[in-house]
Amino acid sequence: MLFRSKRSFNDIGLTADLIINLIFIGIAVLCIIPLLLVISVSFTDENTLINEGYHFFPTQWSTAAYDYLFQDMSQILRSYGNSFLVTGVGTLIGLVIMALYAYPIARTDFPHQKFFSLFMFLTMLFNGGLVPWYMVYVKFLHLKDSYWALILPMLVGPFFVLILRTFFKGLPIELIESAKIDGASEFRIFRSVILPLSTPVLATVALFSTLGYWNDWFMSLVFITDDSKVSLQYLMYKTMLNIQYLSANTQAAQGIASGGTHIELPSESARMAMCIVGIGPIIFAYPFFQRYFVKGLTVGAVKG
């Protein structure tokens with residue numbers, strides 16, 4: 001009887017695992033299907049899209065959208081390099097600054113904890129406005145047409161600082177006290193005790209910061225006039241505006257054609273091709289951060 005009960009419990013456990021796995025497989029498929037549709041549409045002939053709409057297996061395949069985007073391959077590569085540079089430097093420096101700011105305001109023994117917490121929180125509610133913000137970076141800091149103009153405005157996120165502070169507050173205070181007894185300095189405690197235990201939240205903040213930098217086009221629009229320093233997203237944005245303008249203004253398109261330049265305007269397929277060009281590198285960032293999530297979740301799981 002006891003053997004049958006154990007077997008029945010095992011059967012229930014296997015059934016529950018199977019159901020959970022099927023649910024997550026379904027969620028994963030639902031996430032992948034839109035991406036597959038975007039890829040399919042990007043390789044679809046423009047006239048086929050207009051006449052037949054979106055299909056996973058279009059009747060007429062075409063690379064016209066990619067041919068149009070990669071007409072100036074050197075500019076694409078430069079913009080890719082700019083986005084990689086800004087994203088890497090901005091994420092690394094920003095994560096260090098935000099962690100160094102969040103840790104003191106998470107300590108109850110820090111005398112100015114409330115003031116600096118309130119100061120950071122107020123920046124989420126109020127700002128100086130677009131014009132003063134622009135004047136500070138251009139007239140005071142002289143960062144126009146500089147890579148730092150793409151990095152500094154997004155360097156510190158108040159919401160991310162509060163997330164880090166909340167996580168640091170949840171760490172056992174006994175760890176800090178024992179490290180002090182062993183003679184560790186505050187910086188040594190932060191580097192050797194706090195940071196290794198904070199891998200999940202650091203990876204989370206780094207991931208969202210990376211997405212913010214990679215998807216940003218507004219800073220290039222405001223601060224950059226040199227085409228060699230624009231980000232990839234702004235280049236795609238400007239290309240899309242050009243396509244929309246030429247599609248709406250037939251006289252301009254005819255004028256370019258009369259000058260001996262034959263142009264095709266794959267409007268809908270170009271949108272999807274831009275998504276593929278822009279999203280490609282960021283997809284490979286998720287596995288890199290995922291291993292830090294797993295590592296952070298298992299820290300302290302085994303005692304003794």
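Modeller: Let us begin with Arg107, which counts as buried because its relative accessibility is 9%, below the 20% limit. Please keep in mind throughout that this is a predicted model.

Biologist: Which residue does the side chain of Arg107 meet in a salt bridge?

Modeller: The general idea is that side chains of opposite charge can pair when their charged atoms come close. Here the side chain of Arg107 meets that of Asp109, with an N to O distance of 2.9 Å, and Asp109 is partly exposed, its relative accessible area being 48%.

Biologist: How far apart in the chain are Asp109 and Lys180, and where does each of them lie?

Modeller: Asp109 also forms a salt bridge with Lys180, at 3.6 Å from N to O, and this pair links distant parts of the chain, since Asp109 sits in the loop between α4 and α5 whereas Lys180 belongs to helix α9 (residues 173–181), 71 residues away. Lys180 is partly exposed, with a relative accessible area of 36%. Salt bridges join Arg107, Asp109, Lys180 and Glu186 into a network.

Biologist: How many salt bridges are there by this rule, and which residue pairs with Lys238?

Modeller: The count comes to five, and one of them joins Lys238 to Asp227, whose closest N and O atoms are 3.4 Å apart. Lys238 lies in helix α13 (residues 232–248) and Asp227 in the loop between α12 (218–223) and α13, eleven residues apart. Both are partly exposed, Lys238 at 26% and Asp227 at 40% relative accessible area.

Biologist: Turning to the nonpolar side, which residues of the largest nonpolar core touch the most other members?

Modeller: In soluble globular proteins, nonpolar side chains tend to be buried together. In this model the largest nonpolar core holds 43 residues, of which Tyr103, Leu164, Phe168, Ile194, Met236 and Val277 touch the most other members. Helix α4 (residues 73–106) supplies the largest share, nine residues. A second, separate core has 15 residues, among them Tyr137 and Phe223.

Biologist: What does Ile194 contact beyond its neighbours within four places in sequence?

Modeller: With those neighbours left aside, Ile194 is in contact with Tyr103, Phe168, Leu171, Ile176 and Ile189.

Biologist: At what angle do the axes of helices α5 and α8 cross?

Modeller: The axes of α5 (residues 113–125) and α8 (residues 158–169) cross at roughly 145 degrees and come within 8 Å. The residues that meet include Met120 and Phe121 from α5 and Phe159 and Leu162 from α8, and by class the contact has seven nonpolar, three polar and two charged residues.

Methods. Residues are numbered from 1 along each chain as its sequence is written. This is a predicted model: local features need pLDDT of at least 70, side-chain atom pairs count only at pLDDT 80 or more; totals for chains, interfaces and linings use all residues. Side-chain values use heavy atoms; hydrogens and water are left out. A nonpolar core is a set of buried Ala, Val, Leu, Ile, Met, Phe, Trp, Tyr and Cys residues joined through side-chain atoms within 4.5 Å. Buried means under 20% relative accessible area, exposed over 50%, partly exposed in between (1.4 Å probe, protein chains only). Helices (H or I, at least four residues) and strands (E, at least two) are DSSP runs, numbered from the N terminus. Contact means heavy atoms within 4.5 Å. Axes are lines fitted to C-alpha atoms, for helices over the stretch in contact, and angles run from 0 to 180 degrees between N-to-C directions. Ala, Val, Leu, Ile, Met, Phe, Trp, Tyr, Cys and Pro count as nonpolar, Asp, Glu, Lys and Arg as charged, and the others, Gly among them, as polar. A salt bridge is a side-chain nitrogen of Lys or Arg within 4 Å of a carboxyl oxygen of Asp or Glu.
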